[in-house]
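Hi,

Here is the structure I promised to pass on.

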Amino acid sequence: MSDLIRRDPRAEWIARNRLHPLHAAAQPAVASWLSAAGVLRKNPHAVGFIGPNGLKRIDRSGAQQGGTAKRSTASAVVQLPLRAIEQPAFYIAVVPDMVGGRLSAHDKDLLGLAHKLAGSDGAVVAVIFGEHKESAFDSNGVDRLLQFDGEGFDGYAPEARVLALGAVERQLSPRHWLLPDSRSGGGELGRRLAAKLGERPATRVWQVADGMASGRAGAGREDLVQQAPRLILAAVECAEPVSETRHEVRPLALSEALVSHLPRIQDLGAVAVDPAQIPMAEAEFILSGGNGVKDWTLFHQAAAALGATEGASRVAVDDGFMGRERQVGASGIWVTARVYVAVGISGAIQHLQGIGACDKVVAINLDPTCDMIKRADLSVIGESAAILQALIERVAAHRQGAERDAA
Amino acid sequence: MTDLQVVTLVSVGAHPTSGRPRRAEQDARAVELGLRLAGERLQVLHAGDPQQEALRAYLGMGLEQIKILEQPAHSDALPVLAEYLADSSAQLVLTGSQAETGEGSGMLPYLLAEQLGWPLVVGLAAVEQVSNGVAQVLQALPRGQRRRLQVRLPFVASVDNAAPTARQSAFGPARRGLLTGEEVELVADPLFASAQLQPAKPRPKRLKVIKAKTGAERMKAATAKASGGGGQVLKDVSPQAGAEAIFKLLLEEGVLR
């Protein structure tokens with residue numbers, strides 16, 4: 001329905017004409033009023049509205065539905081209060097992983113921990129390398145953003161990154177350094193930084209409270225409790241992420257130029273790994289087929305062309321098109337892919353549970369009303385075979401173009 | 001590759017359930033990788049108690065001896081190892097990525113590389129070739145990916161669970177192998193003066209906190225289906241246009257290789 005407010009001349013005429021048979025019904029029903037004697041009078045019949053099944057419903061949430069108050073304005077997005085720090089007393093430096101150019105859940109927890117340590121007069125600096133795709137730095141608690149660009153930081157360049165962080169240390173001398181203790185870069189970078197700065201870090205920290213940091217020690221059977229050191233490598237869920245404030249994300253720059261260095265480790269690039277060999281639970285890119293896939297040879301071709309690990313819904317596995325070890329969902333494997341392409345899967349709740357941890361979901365389906373479409377970030381409605389065929393051709397054209405560029 | 005001088009550093013592990021001393025899982029993988037690279041000339045080094053029987057499990061993998069720098073528990077292994085390695089002719093030092101007992105911070109390979117001034121490769125999966133003092137190695141990344149790196153010798157490398165699985169330990173060789181001790185200067189670790197080890201507390205499961213003002217909002221949040229909501233839906237488009245949109249998303253996410 002359009003949000004335009006339109007006059008209804010007929011309704012206005014009825015409201016003016018007290019002899020009209022619809023006059024009484026057109027009067028706005030007043031639920032309570034102050035009588036002449038100063039007593040609050042209530043009309044219980046005017047409260048509520050007639051629901052879709054003909055019964056009178058009363059919505060006590062304040063947002064009356066149906067009835068006379070049909071005309072609702074679009075709900076405004078709630079603007080969180082801005083927390084601006086002009087002159088920070090000290091800095092807390094956070095180096096998020098930025099897997100895929102975005103803040104991961106781990107990074108958000110870490111920023112929450114940083115705000116716990118910053119209190120009311122410290123500022124949280126996020127130090128990131130290279131390009132990013134994140135649009136929600138402000139609501140995740142980044143007061144200052146320090147971005148390092150340049151070819152030197154592309155690919156695997158831990159030595160260059162440690163040098164850059166050393167420059168940050170000299171300029172800002174943050175009270176704490178926080179890094180995610182993750183396998184996707186943070187754990188390694190943090191330990192390299194610790195070795196460079198000569199700081200003894202607390203690792204696998206899962207709680208910082210009252211100045212004491214508790215982290216797992218050994219193989220996880222013991223906890224090490226110590227005074228929170230300057231450098232903290234924190235585990236997942238180390239603190240609640242920031243949710244109630246908005247932050248400035250003011251860009252920050254280094255005053256000194258970075259010294260160039262000769263890297264001792266040279267990155268020769270990623271190695272092609274057979275996607276079928278990657279365990280499904282940790283595959284990054286999954287192409288999953290369900291009941292809507294009719295041409296399974298084409299599906300396998302598409303997976304090979306895209307370089308995706310194959311998955312399947314329960315129906316496809318039950319019908320014998322895929323092995324049981326490929327089943328995604330509550331009774332199969334809970335996947336953590338960054339990109340999950342669901343072909344002909346309508347999205348049973350068990351399947352949606354299994355892909356709960358996926359970042360981007362793409363759905364290819366014939367039915368525009370199915371649950372998978374509601375979950376997906378991009379849905380294409382159409383015959384899966386034709387779309388997969390077009391996708392194979394598009395990827396092949398892209399690969400050829402890249403080869404021609406390289407030659 | 002057979003003339004590569006490989007030293008593997010091993011520690012005493014702890015069984016995850018019983019806590020009994022055993023060979024450490026990742027260190028055993030480092031020994032396995034060392035055996036594949038250097039064969040019989042692999043040197044295995046340990047800093048700690050020479051009477052520790054759990055070390056014999058490494059001997060059972062086919063080693064003749066393990067060199068032990070004698071130290072009591074809770075002393076700092078780093079200076080003695082660094083001194084020993086600096087004097088040795090080692091070209092590649094292999095370690096696990098973190099110890100199974102004690103602090104287990106995983107800092108040892110980093111500090112060792114820093115002290116020796118050698119480069120460090122984290123998560124070594126395989127050494128492909130060594131020529132002219134330059135090694136070409138495969139590094140394990142999360143999600144089963146691999147990356148090829150070129151690094152000059154000598155270097156330190158830590159292995160994690162992506163390295164080849166350790167072979168079984170045989171009883172006979174484990175009995176026959178030698179644990180040769182060497183007296184070294186003792187350096188105390190200052191950590192345990194200020195920090196303490198406690199039995200690990202199970203971490204509470206994170207609760208889904210719903211910040212709703214009214215009952216209706218709470219009800220809605222409790223019964224909501226998992227849905228992105230703001231997804232883009234392409235309807236009535238040609239397969240080519242649909243494929244193009246999907247291709248663009250895949251390219252943006254960087255999953256097409």
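**What I found**

Strands E6 (residues 90-94) and E7 (residues 122-129), both of chain A, pair in the parallel sense over five bridges. Across that pairing, A:Phe90 has A:Gly122 in E7(A) as its bridge partner. Before you read too much into any of this, note that the model is predicted.

That pair belongs to an open sheet of ten strands with mixed pairing. If you want to trace the sheet, the order is E15(A)-E8(A)-E7(A)-E6(A)-E9(A)-E13(A)-E10(A)-E11(A)-E12(A)-E13(B). E15 (250-252) of chain A and E13 (196-199) of chain B are the edge strands; each has a single partner strand, so one side of each is left without a neighbour in the sheet. From one strand to the next, the twist averages 35°.

Helix H3 (residues 105-118) of chain A lies across E6, E7, E9 (176-180), E10 (202-209) and E13 (231-234) of chain A. Relative to E9(A), the helix runs at about 160°.

Now the part where the two chains meet. Strand E12 (residues 222-227) of chain A pairs with E13(B) in the antiparallel sense, over four bridges. There, A:Val225 stands opposite B:Gln196.

The contact as a whole takes 70 residues from chain A and 66 residues from chain B. On the chain B side, the elements that each supply at least two residues include helix H4 (108-116), strand E10 (146-152) and helix H8 (239-253). H8(B) gives the most to that side, with eleven residues. By class, the side of chain B that touches chain A has 30 nonpolar, 20 polar and 16 charged residues.

Back in chain A, there is a helix pair to look at. H4 (residues 158-172) and H5 (residues 186-197) of chain A pack at an angle of about 55°, with their axes 10 Å apart. H4(A) and H5(A) are therefore oblique to each other, and their crossing is right-handed. Among the residues that meet there are A:Val162 and A:Leu165 from H4(A), and A:Leu189 and A:Leu193 from H5(A). The residues of this contact divide into six nonpolar, one polar and five charged.

One thing from the records: UniProt, in an unreviewed entry, places the feature "domain: Electron transfer flavoprotein alpha/beta-subunit N-terminal" at residues 92-261 of chain A. Over residues 92-261, chain A is 24% helix and 29% strand, and the end C-alpha atoms are 27 Å apart.

Cheers

Terms used: Residues numbered from 1 in each chain as written. Chains lettered and ligands numbered in written order. Predicted model: local features only at pLDDT ≥ 70, side-chain atom pairs only at ≥ 80, totals over all residues. Pairing = 2+ DSSP bridges. Axes fitted to C-alpha atoms, helices over the stretch in contact; angles between N-to-C directions. Contact = placed C-beta atoms within 7 Å. Nonpolar A, V, L, I, M, F, W, Y, C, P; charged D, E, K, R; others polar. UniProt positions renumbered as here; feature names shortened; annotations may be inferred. Parallel < 35°, antiparallel > 145°, perpendicular 65-115°, else oblique. Left-handed = near helix turned anticlockwise from the far one by under 90°.
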